[in-house]
Amino acid sequence: MILSRKLVNTFIFFIAFVIFQHNSTAAEFVGSKQCQSCHQQEFKAWQGSHHDMAMKHAGEKSVLGDFNNFSFKNAGEINKFFKKGQQFWVNIVGPDGKFHDYQIKYTFGFEPLQQYMVEFDDGRIQLIPFAWDSRSQQDGGQRWFNLYPEYTKNHQDFFWTNTGQNWNYMCADCHSTNVQKNFDVKTNSYKTTYSEINVGCEACHGPASKHIDWTKDKKVKNFGFSRNLSKQVNKWVVKDGFDTLKPESIHTTQQNLVCAQCHSRRTQISGNSHIDGNEFGERYLLSLITNDNYYPDGQIYDEDFVYGSFLQSKMQENGVVCSNCHDPHTAQLTMPEEVVCLQCHQPQVYAQKSHHQHQEDSTGAQCVNCHMPETTYMGVDDRRDHGWHKPNPGMAQQFGTPDTCLSCHKDKDSQWSGEFVNQWFDKNTATDEEPFAPIFAIADGGYQNMASQLSKIAQSQQYADIIRASALVRMANIPDTNTLIAIARNVKHPDSNVRRGAIDGAVNINPAEKWRILSPLLTDKVLSVRSEAAMALVSLWSKLTAEQQQALKAPLADYMAIQDFNADRGYAHTNKAIVFGYQNKIELANKAYQQSMRIEPYFSPGYVNMAELYRRQGQNLEAINTLLLGSKANPSDSSIPYSLGLAFIRSKEIQLAQQSLLTAATLAASNANYYYVYALSLRGDKDKAAEQAMAKAYKISRSPQHLYALCEMQINNRSFQAKSCLQALEKIAPASAVNTLKIQLKEQQ
């Protein structure tokens, strides 16, 4: 049969279209069992690993805890663990304060502890407060224990039915494969899905359908995968002047990025792939080195999950990736712990008493015990710091950072260990190895004269990028010429974390400079950067030109999309409300705050910020009523009674203001500013009590401002302590300020 040219062309087009569609379709998840036949060794290594056991359906093989009608007494109450046929159940306190039976549907992890989860009708999966210590009895295990004994009230974030223990938001992205959260804000419910319940092969390698195609047709590129998980250094070599092997060359791969998606302290901001664009900030917002999570020298304080520590290290700088030490399938070290560092650190130098100063084969002779100290989380889970810091007892003495020596020598102190370190090593080496640490510590203490030092760190290439970013963040409260220059230079830095740090540091600079410096970031290629820049600049909305507002719209839409992605949290709706408030969209702001309260009733910033919106509109009564609702929803939060106290001052209800401010100060006993404002509210009414409150503010802060206020009060009250107060003030405050008070005191005499 002879075909017409038109029909032939149509046929050719159809075939080309089919081929194009086949080649251009996204790879699909096929499941780990599809990998087993070709990758038997890797599959066997993965089975029983932490990745394999990350989450399982509750069953006889997966549940390790004692559910044989076991009664566990906690805080004077009996909790029960039992079975109904093949099902596992608990009888524990629910959000109504009463005991109920809950079915355990899933297990979480397996060693050194195992957690258990309950699934609710609205799709929420929640971790119960009790965990099973799966260590041996000899090590103190084989017991039930309360993971969070301090979070026993139903308004607390980490109460077991609240968001702090919610799998869908907090845990799913890391403990299961190809998770789609699927939160419905209208019904406040989830329909979360995943390809595999645990961390399967494709969680790291990516969807494998095209890899399977490659096994049938070797013309498929890159084995059918879009990511490169190889090591970054193919050959380590000896170089003159170095006792550590150096990379012959570094070719960047995506291995660390893949591991970091779970092994990091971060917030997920989108469902985008951070692997395809080689940008962590496309999917996650990494926590920087701030005092919430780290000590000022960069050692871990709260759980950081390794990546933030690793980014500080010389290992990261020299091309080390996770698989240089860890087998990615077993999740165990590739060699014994005592020799893993000696892959690069030449043993003739480092595995010698002249270096570690301890007896051979002792715990003190092992590299990891000095340079990777352990911190215990979740009661029994010891995790090593991956920053590889040098032990520094002097820093511990000055700024309260962990003294690694005392991990073993628990009966000693840092003065003792410092004397030995100074004997063993050059004193300058011991004290100056983390030169950013004193600056961070002093800045975190509230001292305002650290601008030049922070600026130097932010602009120096001797520091890791995450340290430079963290120095920029600390500039937020000390804007001056030095910090302005540092911020302006770092908005052009190639590392997205540094650019983010510059945004945070610019929060308090004047509006014109703020727009000039940050507006170029509105078109940044990385989602986290351009969206954070938009949020930083939207506060200027009413002062912007029409052209500037237009430039802000697209990145601001990105920021709002991030909030929609996390619509299952109160903070997301509060963030949206703040944006609407800046844009004078008051009705939309009110609706967003109401959503925050509906989604997360105990989220206190929602009430505080809504009250502030009312204040700006001159509606003080509505602000008070909002804060009263917040006090009922979360009676433990200090920010609500503090804001309520200010609202009562505005309405001239002084006694109510004093009561609220005292409540705030009592709840936040280490907050000097609360005591300061409380003292001011007492002035002229209860002068002696005002002095006592101000003295407490100064005792907490050691701030010249607070001591000045105390001296002024004592002078006005004709207190006999005024003279000694001024003598103390002379040591820390400018002479001009002290002289003013001296004149006041002299005039009274």
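Modeller: Welcome! A salt bridge is a side-chain nitrogen of Lys or Arg within 4 Å of a carboxyl oxygen of Asp or Glu. Here Asp133, Arg135 and Arg143 are linked in a network of salt bridges. This is a predicted model, where local features need pLDDT of at least 70 and side-chain atom pairs count only at pLDDT 80 or more, while totals for chains, interfaces and linings use all residues. Residues are numbered from 1 along each chain as its sequence is written, and side-chain values use heavy atoms, with hydrogens and water left out.

Colleague: How many salt bridges does the structure hold?

Modeller: Side chains of opposite charge can pair when their charged atoms come close. The structure holds 25 salt bridges. One of them joins Glu374 and Arg384 (3.7 Å, N to O). Glu374 lies in strand E16 (residues 374-377) and Arg384 in strand E17 (residues 381-384), so this pair ties together parts that are 10 residues apart in sequence. Strands (E, at least two residues) and helices (H or I, at least four) are DSSP runs, numbered from the N terminus.

Colleague: Is Arg384 buried or exposed?

Modeller: Buried means under 20% relative accessible area, exposed over 50%, and partly exposed in between (1.4 Å probe, protein chains only). Arg384 is buried, because its relative accessible area is 17%. Glu374, at 43%, counts as partly exposed.

Colleague: Which residue forms a salt bridge with Arg516?

Modeller: That is Glu513, with the closest N and O atoms 2.5 Å apart. Both Arg516 and Glu513 lie in helix H22 (residues 511-518), three residues apart, about one turn of the helix. Arg516 is exposed, with 51% relative accessible area, whereas Glu513 is partly exposed at 22%.
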